[in-house]
Amino acid sequence: MEKKVTIREVAREAGVAISTASNALNGSDLVRDETKRRVVEAAKRLGYVPNMSGRVLKSGKSRQLCFLTSTVTGEYFSRLIDAMNHDCVEHGYGLNIVISRDKNHVMQVLLGGSFDGCFLFEGERIGDEDLDVLHRERVPLVLLDRKREDTRIGCVLFNSYKASFSITSHLIGLGHRRFCFVEGNQDNFDAVERKRGFLDALKQGRIDPASAVCIQGYFDENIAFSAVLALAADPNYMSASRPTAYVCGNDRSAIGAIKALKQLGYSVPGQVSVVGFDDMELSQYFQPALTTVRTPIEQQAQTAVAMMVDILEGKSSGRTELLDGSIVARDSTWICES
């Protein structure tokens with residue numbers, strides 16, 4: 001077996017001390033740029049591979065971060081993880097993805113010490129008591145699914161309340177007075193905040209929130225499709241109180257709602273207006289093109305990584321960052337004439 005190149009050999013090749021070679025390869029500011037360049041070139045020529053286990057034992061840092069979630073299905077996660085990985089690499093960290101629905105496994109990963117810090121999108125299983133444990137153990141965390149801030153725990157969230165309030169107010173401005181709200185998962189931060197913003201916008205528009213119909217869509221196209229069909233089967237739905245506007249928990253459920261409305265013979269947006277959230281790529285190509293709220297997914301990723309690095313480097317404590325979305329008006333909404 002070929003002998004592994006050592007840091008001593010790299011130092012000899014570059015004509016520097018071993019400590020200088022080590023500092024140069026670790027990016028230390030104590031080493032001049034010219035010396036760093038010489039050491040890096042020597043390491044490349046010799047095919048030097050650093051001993052990561054040794055680094056971890058010596059420094060107590062792995063330079064590895066972890067993203068923990070129960071799923072990575074959908075455009076949101078693909079865009080989020082891609083952007084997070086890019087920024088982790090820029091800061092000199094590796095990003096590891098752990099997908100698990102087992103609470104014990106998730107807690108083992110969080111408390112195991114293999115990662116310098118973790119990003120968490122797991123509202124279903126990790127509760128406040130678990131976060132209290134993680135706080136006591138001083139685990140650096142950035143949450144993407146709920147509000148919580150502490151010395152080493154921060155969160156980066158979409159301002160879903162404001163987004164929902166704005167897009168519902170937009171529909172009210174178009175003359176709509178009869179609404180249906182297609183809810184997301186009830187234990188999801190964004191779902192709860194979007195419903196709260198929706199109801200408050202109705203109050204602001206002098207519309208009785210109790211007059212709105214609320215159905216479950218669970219952020220899923222097929223479930224939203226079935227829920228709208230089930231609503232149409234209710235005799236009261238066919239009365240004069242039939243909703244003229246649907247505010248859906250995300251774009252996928254909005255697309256399901258539109259498909260169901262079309263199957264029922266309604267024109268969108270001629271008779272019914274429909275809006276969603278996220279502005280996933282399909283939304284602009286769907287017929288009709290979907291009016292939605294664009295959520296800044298890449299900004300969430302960049303902010304989360306920057307927050308984690310600040311926590312790890314002691315530059316700041318955990319904090320809450322709320323990111324604003326923007327309405328993208330397309331073809332699924334129109335002036336209400338009924």
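Across which strands does helix α5 lie, and at about how many degrees to β1 does this helix run? In this predicted model, helix α5, made up of residues 75-90, lies across β1, β2, β3 and β5. Its direction is at about 170 degrees to that of β1. Strand β5 covers residues 153-158.

These strands belong to an open sheet of six strands with parallel pairing, ordered β2-β1-β3-β4-β5-β11. The edges are taken by β2 (94-99) and β11 (320-323). Each of these two has a single partner strand, so one side of each is left without a neighbour in the sheet. On average, neighbouring strands of this sheet are turned by 20 degrees against each other, direction ignored. Within the sheet, strand β3 (residues 117-121) is paired with strand β4 (residues 141-143) in the parallel sense, and three bridges connect them. In this pair, C118 is opposite L141 of β4. A further helix, α7, formed by residues 128-136, lies across β3, β4 and β5. Helix α7 runs at about 150 degrees to β4.

A second open sheet contains four strands, in the order β7-β6-β8-β9, and its pairing is parallel. Here β7 (213-216) and β9 stand at the edges. Because each of them has a single partner strand, one side of each is left without a neighbour in the sheet. The twist from one strand to the next averages 20 degrees. Strand β6 (residues 179-183) runs parallel to strand β8 (residues 245-248), and four bridges join the two. F179 is placed opposite A245 in β8.

Most residues other than glycine have a negative phi, and most peptide bonds are trans. Two residues depart from the phi pattern. R63, which is not a glycine, has a positive phi of about 60 degrees. This residue is in the loop that connects α4 (52-59) with β1 (64-69). R63 has a relative accessibility of 35% and therefore counts as partly exposed, since that class lies between the limits of 20% and 50%. D279, also a residue other than glycine, has a positive phi near 60 degrees. The loop between β9 and β10 holds D279. With a relative accessibility of 11%, D279 counts as buried, the cut-off being under 20%.

Cis peptide bonds occur at two prolines. The bond from V268 to P269 is cis, and its omega is near 15 degrees.

Methods. Residues numbered from 1 in each chain as written. Predicted model: local features only at pLDDT ≥ 70, side-chain atom pairs only at ≥ 80, totals over all residues. Heavy atoms only, no water. Buried < 20%, exposed > 50% of the residue type's maximum accessible area, 1.4 Å probe, protein only. Pairing = 2+ DSSP bridges. Axes fitted to C-alpha atoms, helices over the stretch in contact; angles between N-to-C directions. Contact = heavy atoms within 4.5 Å.
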